[in-house]
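Dear colleague,

I am passing on the structure below, together with some notes on what I found in it. Please read them with the coordinates open beside you.

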Amino acid sequence: MFLGEQEQFLSYNGEVLIFQLSKPKRVEGAADKTMNLCVRRMAFNRDTKLFVQKSSGVFSMRASHLKTEIICCSCTTDSRTGIILPCILMKKKKHNNVVKYLLLLLHSSNQFEQSFHFKLDYELKEDIRLFTGPSVLWRHANQLFYISSDTCTVLSAPVHLSSVVWTGEIENEGTVVLGIRTACLPESEDEFSTSDRAIWGSEFFGYVVETQKMLTGTCFMPHGYSRVVSSVYICKNEILKKQLRTSLVAITHKNQLIWFQDGLPKGVCELPYEKPTSVKTAVTSSNDLLFIVSFASGNICVVQRRDSLQVASKWQKVKSILVDDFIGSGSEQLLLLFKDDSNTNMLNTFKITDLGDVNYASDINYKHDVPAAEGLQENGLLTIQALETRLQAGCTSVRELQQHLRLKKRVILESCRALIDLVEERTHILPTAKQEGLVSLWDDVENPPHSLSKETSLTSKVPEHFIEKLWQRVVGDSLVVGVKLTESFYLSLSDVSLSLVMDQDFFSISPIIECRNTIIKLNKAFSALAVSSCQIEPPPKKIKLDLHSKNDLKREFPERCSRVKLDGAKTIIAVTSLSPLLAFHRVCCIVLLHAKKQKCRNDSLQETKKITVRCGKILLSLEDISNGKYSVKMLRDNSYCTGSMEDILAVLAVSVRFSFQIVSSDCTLTPVNSWLLGEMECTPFKECHDNIFCHKAGNVYGTVFNWTLKNPFEGVLTLFCRNLTVLFQCLHSLTRVLPPSCNVKLLRAGSKGVLTEQLALALEKELLTSRSSFFSKENKAENSLRNEPGKKISDAPVSSLLDGEDGVEQFRKKLQNEREESVLSMNQMMNGALYQEIALKIAEAQLRSDMIVWRLS
């Protein structure tokens, strides 16, 4: 209710209570020192669509008209009976700046009862609240005061606060005041550095009135919102596992409504007007939860919460808004009372709505309404019953789905813990199916199946010294982890990738960190570079087998087909987002290498085995990152860039690669080199002189260039940049120094000569794969046929068989048998596993050649 108005509106049990101050009729000879507080109970008539008066009451008191005001009114619980009654706070100003306050209760008989009164030497102006008791709470000079009907004495709370944003009941606590105060920082320096209270200088806190207990404010909202939140409405609070769970909405000075769940923001909505003052809720007949926001200008808006928070409706020039069941439908509606200067009776200009089927307004003519037939009422009842049955079935399905999702989450987390134990070489005991509420699909046996034991025996051994170096770098908002493998170990691997697993057990989240992988192989001249993982894939020419790792396949050609002699090592890099990891302040991650290890068999086919190898651990803390421990250091030293090889690889891993062919027909391309060393302020790497690092301030800082001249009129410029914006800036700067006749063309991957060589090698490998696969099949068929019992062929000489008629007949039968055996050997059926292995190898080879053809096109 608005402060100091002489007419107040309050909803109570579906009725509208109108409180007014009035002077009684003057009696001759009597002093004018009496004031009447009148109440009228108004109810909505669904037949006439108007509000009619049901009853009224009067409370007389001795006071001057100019010095008596209605401060506020609300519905509170009478602690004596537990009944919710209308409560009115009155003010009577006396001499010597003494102010007397009265708290009145209104009973169903329209009789007023004075609950208590108190006197103050100042006026109540800030954060006045009525709550259970009845009790009055207010704020004055950044202190909290309250008085109840039990004590009738003004009490001061031992807290200092700048505002009160909510007062209400919390389960197992009682009446709680949620307020904002100056941050009370701990003495410990570690806690000081990690608390957002130190950043914002203020914090939320909860104060229990009955027990004078302090509650942690972060269970409601993060302390960072204390600078902008002006009012809060707590929709739900409960105690689960000895922890307070809350659901609330808050309005801010930034004209926003924010939804919080268990202290975390879940949604936000921009409000249509400025200076929101209060928020309350309503539950409609469709079970929709509405948030009603009032503004200082007298405007109202309603925010609906479904998939997201959005403004459902808004009104202007609203005098007051009430929430109750005014039409007796069993659900809540909104009653809007509009400002009308021409009409003294506020209930003549109103609107009742629930943003659905209910819509009554004072300016609508209902004379032509058709009354509903009795049959329609019966059909409506049957429809409601059917809808209730469907709703119950739907709720049951939702509960079952939620139970299934919880079980699925537990299984995933248990699998993650088993993976961590496997990496740490610890024994992991899985819970039984009965404990998880599952049905076991296999019998529990002591001895494992033969296939499993055989598979274990075939596990490829990993050499002890297969890793040359494990390193990490921080580039922007990315964490880069690199593993440098020895050449001998890498040559026996395929489909290599890294994964990061958090060593801590957080129970509620998956410890597997999502990251993308890239493979980079460098020599001293920096000539063999991996294709960036951000490069687009070619459109599919054919539908082939679904390979496990197409991205690794497309990155494989520049390394395998390079003519440059390599430095004998391969680096696999994993890139992941850094900011989610910093939420834990200090994280220990296990680095795992996943690959297929190849082993040659006697039939020239390769047998692959999936392996997972632990490469080591990395430690990541916010303190180390703040100190720049893992930062990339690219400094100038005698016209060179002093970045280490790990720094260079980290920059390349988070960058996107683009290559451009520049052709000039009229003049040489010497301006390109001058542009790189001059305007772009580039310096070559000390480790590899052909590539240069951009030191120019701004967005282009950190871009890596490679400029290769085929002849004075043609060259290839390769850029490694963070994003497309940097690319466009570099190209815009380059076009200003190039001659107008230059032609700049984007190369999809590498130069035409290198791709042509790669295509030849890929086609050769495809042919060799097909030939070796079918030859191995033919040899297997012949060997199997030759080794079959009963298939022995006589080695008798042919001349001896042709001497007589019987010999000729015997030779004819022998020749017929050999012909049938030859046909049988050609039609020999192939084993399914062998066919799958051959088809996969052929598909891989064909996919390689198709991809290079696409890059050449």
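Which residues does V737 touch, not counting residues up to four places away in sequence? The model is a predicted one, and in it V737 touches P671, W675 and E679. V737 itself is placed in the loop between α12 (724-735) and β44 (743-747), and it counts as partly exposed because its relative accessibility is 29%. L669 is 68 residues away from V737 in sequence, while the two C-alpha atoms are 10.0 Å apart in space.

An open sheet is formed by four strands in the order β1-β2-β3-β4, with antiparallel pairing; its edge strands, each of which pairs on one side only, are β1 (7-12) and β4 (50-62), and from one strand to the next the twist averages 20°. Within this sheet, seven bridges link β2 (residues 15-22) with β3 (residues 34-45) in the antiparallel sense, and V16 has M42 in β3 as its bridge partner. Twelve bridges pair β3 with β4, again in the antiparallel sense, with L37 opposite F59 in β4. The hairpin of β3 and β4 has four residues between the strands, and K49 takes a positive phi near 60° there.

The hairpin of β10 and β11 has two residues between the strands, and in its turn A141 has a positive phi of about 55°.

Turning to the aromatic residues, the count comes to 15 aromatic pairs. In one of them, the rings of F44 and Y360 have centres 5.2 Å apart and planes at 55°, so the pair is tilted. Because F44 lies in strand β3 and Y360 in strand β28 (residues 359-361), this pair ties together parts that are 316 residues apart in sequence. F44, at 9% relative accessibility, counts as buried, and Y360 counts as buried at 14%. W138 and F145 form a stacked pair, with 6.1 Å from centre to centre and 20° between the planes; both W138 and F145 are buried, and they belong to one aromatic cluster together with Y101, F116 and F118.

Two arginines also have their charged ends over rings: that of R181 sits over the ring of F205, 4.7 Å from its centre, and that of R305 sits over the ring of W259, 4.0 Å from its centre.

As for the interior, nonpolar side chains tend to be buried together in soluble globular proteins. The largest nonpolar core here has 29 residues, of which L479, L485, L493, V591 and L593 touch the most other members. The elements that give two or more residues to this core are β30 (478-486), α5 (487-490), β31 (493-502), β34 (569-577), β35 (586-600) and β36 (606-621). Leaving aside residues up to four places away in sequence, L479 has among its contacts R473, V474, A574, V575, I618 and L620. There is also a second, separate core of 24 residues, which includes W707, L717, C721 and L727.

Last, which residues of helix α10 are buried? Helix α10 (residues 645-653) is mostly covered, with eight of its nine residues buried, and these are E646, D647, I648, L649, A650, V651, L652 and A653.

With best regards

Note on methods. Residues are numbered from 1 along each chain as its sequence is written. This is a predicted model: local features need pLDDT of at least 70, side-chain atom pairs count only at pLDDT 80 or more; totals for chains, interfaces and linings use all residues. Side-chain values use heavy atoms; hydrogens and water are left out. Two strands pair if DSSP finds at least two bridges between them. Axes are lines fitted to C-alpha atoms, for helices over the stretch in contact, and angles run from 0 to 180 degrees between N-to-C directions. Buried means under 20% relative accessible area, exposed over 50%, partly exposed in between (1.4 Å probe, protein chains only). Contact means heavy atoms within 4.5 Å. Rings of Phe, Tyr and Trp (its six-membered ring) pair if their centres lie within 6.5 Å; planes under 30 degrees apart count as stacked, over 60 as edge-to-face and the rest as tilted. A charge sits over a ring if NZ of Lys or CZ of Arg is within 6 Å of the ring centre and within 35 degrees of the ring normal. A nonpolar core is a set of buried Ala, Val, Leu, Ile, Met, Phe, Trp, Tyr and Cys residues joined through side-chain atoms within 4.5 Å.
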